[in-house]
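These are my notebook entries on a single chain.

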Amino acid sequence: MGSIEECDVVVVGAGFGGLYSLYLLRQEGFNVKGLERGTGVGGTWYWNRYPGARCDVESLQYSYSFDPELEQEWEWTERYAGQPEILKYAEHVSDRFDLESLIEFNTTVEAADYDEITSTWTVSTNRDTYQARFLVAATGCLSTTNLPDFEGLANFKGDVYHTGRWPHETVDFSGQRVAVVGTGSSAVQAIPVIAEQASELTVFQRTPNYSVPARNEPLDAAIQAETKENYAELRQAARVERSGIISIFPPNEDSAKQADDSEFDARMDERWEHGGFGFYRAYADIGIDQTSNERIAEYVRGQITKIVDDPETARLLAPTNTIACKRPCLDTHYYETFNSEHVNLVDISEGGIEEITVTGLRAAAQDFEFDALVFATGFDAMTGALLNMNITGKGGHTLAEAWSAGPRTYLGLGVPEFPNLFTVTGPGSPSVLTNMIMAIEQHVEWIRDCLVAMRQQDFTTIEATATAADNWVDHVNSVADQTLYPTCNSWYLGANIPGKTRVFMPLIGYPPYAEKCQQVADNNYEGFCLG
Ligand code: N01
């Protein structure tokens, strides 16, 4: 049994959300404690060390904006930063602002209980126990890995990996027969790199995914210098963009279905060649009009057919569902990889993985032998990490009970019956549908302002009202219902986890959201109950 330590705020997670929370709250004089289950900072970028892991948001924009000196001094080397570089950046931020001294590593939260009499949280970990007025959950949206319960998995005598829990030691697949299960963003990045090493690579695909070339390249020094000169304007422009990302292609209101053939082809070709998420924003109605969406989807299918030599493999790789309904992918030579002799694609859309065997796996009525299995099977997104903390609020009710019909928050920041708990980029906020670091900064600054305002006014508790949360959940759903997003089985809906309640979890639209948060703060935290 460890000791009990008291502080003002416990921050769980030392990714970008946790680091910034520690920085800002300490700056305001709060006694803060960070708890992190890993041995270092970085969150997503600490865990996802799989070959090819890279951020799909361009490096100059996937970075903190809060400190101009930090912005100027850090030099990115590629258009999209790879995982090692982003991890170094997180470590640099932690060192530069001396944040590590505030964090307990190797510390997993096992329970968090709210005491209504003292208005404090008791946070129990595998090591010590902490008591704090406030609990900030900066646990990330994609941090609880999903490893399906495959029959026989424990029997496999080779090596087993999950992309989201990759070992710290170098994994060398040279000369090995490797299986990759899954074809989401992680797999799309990992497959081409694993294929460079493995003697044989077999990809098990349940649902094909649309992917667009990232066109990663060394970062042009002139572009970096120019961006740095105009960083403040660029960041501000990003904050009024739904995606939170500035592209060389300005936003438009055009409809794909109305474009004539030559205009459409020219625009799509240009964006395909340029690479990146700008492709998915070529036409404003991709996400709301099925006919327009299908026209863009057909363009990508055409590209797959051009790239992939074997017609049957090309057919299997070509998705038929709504494009950009699941989180869109970017890649570096993903489809090209299937032209290599030693790379095979197995369609498991009918029967899935039937069984893991001692020497491999059985799928599509065949036995396969492997030295290593790589599961790129995703995450229990948005709610997984929060629920894993076993949070108990007022009246002894657990968060799992409160969210049995899906997550219920106000602004993705507060939960009724769970006073003084803040969720950074929680369900009900734009988070994963915008630039995460921008969303994190906005949330953490809001939480900082809130705690400072409470201190000034002598309030010790804040709790989202049930009405505000109910209205907010309705709002999140009604915005989603105006789009094609709820029409496919994405993790945004929780559809990738068997038994998980299907509710569209992120809010679409960052700029109106940020305005709403500001308005709530300006109206003395309207929709929250201060005590
Ligand atoms: O996970 P996913 P991910 N049997 O859930 C398959 C972010 N990210 O780790 O589509 C067989 O997208 C599943 O098949 P299906 C990004 O937001 C960011 O790839 O359900 N297969 C799917 O193919 C992304 O969206 C970046 O039919 C099974 C795959 O596994 C999010 O992380 C890079 C299965 C899971 O795909 C998650 O991406 C990478 C089963 N039982 C990721 N269960 C950057 O920006 C699941 N699958 C850097």
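**Domains and their interface**

I began with the domain assignment, which gives domain 1 (4-144 + 380-530) and domain 2 (153-220 + 261-375); such bounds come from an automatic or database domain assignment. The model is predicted, so I note that local features need pLDDT of at least 70 and side-chain atom pairs count only at pLDDT 80 or more, while totals for chains, interfaces and linings use all residues. Residues are numbered from 1 along each chain as its sequence is written, and side-chain values use heavy atoms, with hydrogens and water left out.

I then looked up the separation of the two domains: the centres of domain 1 and domain 2, taken over C-alpha atoms, are 30 Å apart. Counting contacts (heavy atoms within 4.5 Å), I find 29 residues of domain 1 touching 35 residues of domain 2. The buried area (accessible area, 1.4 Å probe, that two parts lose on being put together, summed over both) is about 2,700 Å² between domain 1 and domain 2, with 55% of it on carbon and sulfur atoms. Of the area that domain 1 buries against domain 2, Asp56, Arg79 and Leu484 supply 28%, more than any other three residues.

**Second largest pocket**

I adopted this definition of a pocket: on a 1 Å grid over the protein atoms alone, an open set of points where a 1.4 Å probe fits, with protein on both sides within 12 Å along at least five of seven lines; lining residues have an atom within 4 Å of a point. The second largest pocket is lined by 27 residues, and Glu58, Gln61, Ile223, Ile246 and Ile248 lie nearest its centre. Its lining draws at least three residues from each of domain 1 and domain 2. Helix H6 (residues 221-229) gives the largest share of that lining, three residues; helices are DSSP runs (H or I, at least four residues) and strands likewise (E, at least two), numbered from the N terminus.

**Individual residues**

Which loop holds Ser490? I place Ser490 between helix H15 (466-481) and helix H16 (510-522). Ser490 counts as buried because its relative accessibility is 2%, where buried means under 20% relative accessible area, exposed over 50%, and partly exposed in between (1.4 Å probe, protein chains only). Beyond neighbours within four places in sequence, Ser490 is in contact with Cys325, Lys326, Ala495 and Asn496.

I next checked backbone angles. Most residues other than glycine have a negative phi. Glu417, not a glycine, has a positive phi of about 75° and is partly exposed at 37%. Thr425 has a positive phi near 50°, yet Thr425 is buried at 5%.
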